[in-house]
Amino acid sequence: MRTGFFWDEKCFWHAGGNYALTLRIGGHVQPLVAGGLPESPETKRRLKNLMDVTGLLAELKSSSAPAASFEELSRVHPESYLHQFKEMSDNGGGELGLRTPFAQDGYEIAALSAGLATAAVRDVLSGKLDNAYALSRPPGHHALPDFPNGFCLINNIAVATETALAEGTAERVAILDWDVHHGNGTEAIFYDRDDVLTISIHQDHNYPIDTGDVSDQGSGAGEGFNYNIPLPPGCGHAAYIETMERIVIPAITDFAPDIIIVACGFDASALDPLAHMLCTPLTYGMMTELLMETAADICDGKLVLVHEGGYSEAYVPFCGHAAIAQLAASDTAAPDPLAEIMVARQPSLRVQAFHSTLIGEMAASFGYD
Ligand code: ZN
C-alpha cells in the first residue's frame, strides 16, 4: 500500500494565545496557564512522535507540501476575508471570529494546513498514492467562508475538494466528518450542491450548539446530499460502528464518489475533555477499515483522512496510530495502553439497545432500514 503522510513542523507552530482570557476564568480560581488553548500542538506532535517510535512513519511516504495558494483558498473563502486575515496575521495576530485566536504568521500556517490536505487529495486522485493522511493544523471543519470559529481558520477539506473539482480530477466527492463536533463549516459550504456529499457524525448539540440537526439535509440541488447524525453523549465503539454500517456506508455507496475524504477528529475518544463519547483506538481503526472496503468497491480505494480535532494528549496518539496503521495495511501496532480498562469498564463497547433504536430511527429517516 502506498500511503502518504503529509505533515509540516510549522503547523505545530500555530499559536492560539491564552484561552484562559477568552473564557474569563480567574477571579475565583487560579487562572489557567498562558497558552492554555485546548487546541494545542501537543496532540498532533505526540501522534507523529508515536509513529516515529513504533516505526510506522518510516513505512509511509512522508512529506510536506506547498501552502494552498491564494487562488485555491479563494475558491472557498471570500478575498475580503483572506486579506483581513493576512493583514492581522502580519501585524502580530488577533481574532476574527469565535474561538479562533491566532498569532504572527497565522495566515501562512493556515494556508500550509490547507496545502497539506490539498496535496493529499491531489496525489491520491492522480494515483501517485493509494491513500493518505494529512496532519493538518489548524483544523478546518468549523470554518465558514467568511467566519472562522471553533479553532478553524480555513476550511482545509473544502479547499482540497474545490481544488480537485476545479482541476477536473474528481467530479463527485464524499466528505465524512467523524470529528465529535458538527462539521458546520463544511456543511454550509456545500449545502446547496449535489456534487459533494457531506455526512457528519457528532455529539448532539455540543459545538456549535445550534447546528447539526437530522432535518438539515441540504437545499436546492443539494437537497438530500447532507446527512447529520447527532448521537447522544455516552456513545462508544458499538454505536459508532453501527452508525457506519447502517447509515454512512450505504449513503456513500449510493452516492458513488470519486474519492472519500474524512474530517478526522479524535475527540470522540473516551478521554477527550471537549466531548462525552467513549470511542477507543479500536473504533478508529475499524471505521477506517470499513471506509477502505467501501472505497475499494466504489472508487478504486481512493481515501484521504484529514486531521481535525482531538484534545486528549494521552489518547489522540493511539487513536491516530490505529487509523493510520489501518490505512497503510501495516502490522506495526501501538498497543492501546487503556484497552483493558476500556473493555472492562465501558458498556459502550457493547451494543446498547437505546443507541440501536435511535440509530435505526435515523437510518429509516434517511431511507436506510
Ligand atoms: Zn471537534
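Trainee: How many helices and strands does the chain have?

Mentor: In this predicted model, the chain contains 13 helices and 10 strands.

Trainee: What percentage of the residues count as buried?

Mentor: Of the 369 residues, 58% count as buried.

Trainee: And what share of the contacts comes from residues 24 or more positions apart?

Mentor: Such residues account for 76% of the contacts in the chain with a separation of 6 or more.

Trainee: Turning to the helices, at what angle do α9 and α10 pack?

Mentor: Helix α9, residues 237–255, packs against helix α10, residues 281–298, at an angle of about 15 degrees, and their axes are 10 Å apart. Angles under 35 degrees count as roughly parallel, so α9 is roughly parallel to α10.

Trainee: Is the crossing left-handed or right-handed?

Mentor: The crossing of α9 past α10 is right-handed.

Trainee: Which residues meet there?

Mentor: From α9, the contact involves His237, Tyr240, Ile241, Met244, Glu245, Ile249, Ile252 and Thr253. On the α10 side, they meet Leu282, Thr283, Met286, Met287, Leu290, Leu291, Thr294 and Ile298.

Trainee: How many of them are nonpolar, polar and charged?

Mentor: The contact of α9 with α10 has 11 nonpolar, 4 polar and 1 charged residues.

Technical notes: Residues numbered from 1 in each chain as written. Predicted model: local features only at pLDDT ≥ 70, side-chain atom pairs only at ≥ 80, totals over all residues. Heavy atoms only, no water. Axes fitted to C-alpha atoms, helices over the stretch in contact; angles between N-to-C directions. Helix = DSSP H or I, 4+ residues; strand = E, 2+ residues; numbered from the N terminus. Parallel < 35°, antiparallel > 145°, perpendicular 65-115°, else oblique. Left-handed = near helix turned anticlockwise from the far one by under 90°. Contact = heavy atoms within 4.5 Å. Nonpolar A, V, L, I, M, F, W, Y, C, P; charged D, E, K, R; others polar. Buried < 20%, exposed > 50% of the residue type's maximum accessible area, 1.4 Å probe, protein only.
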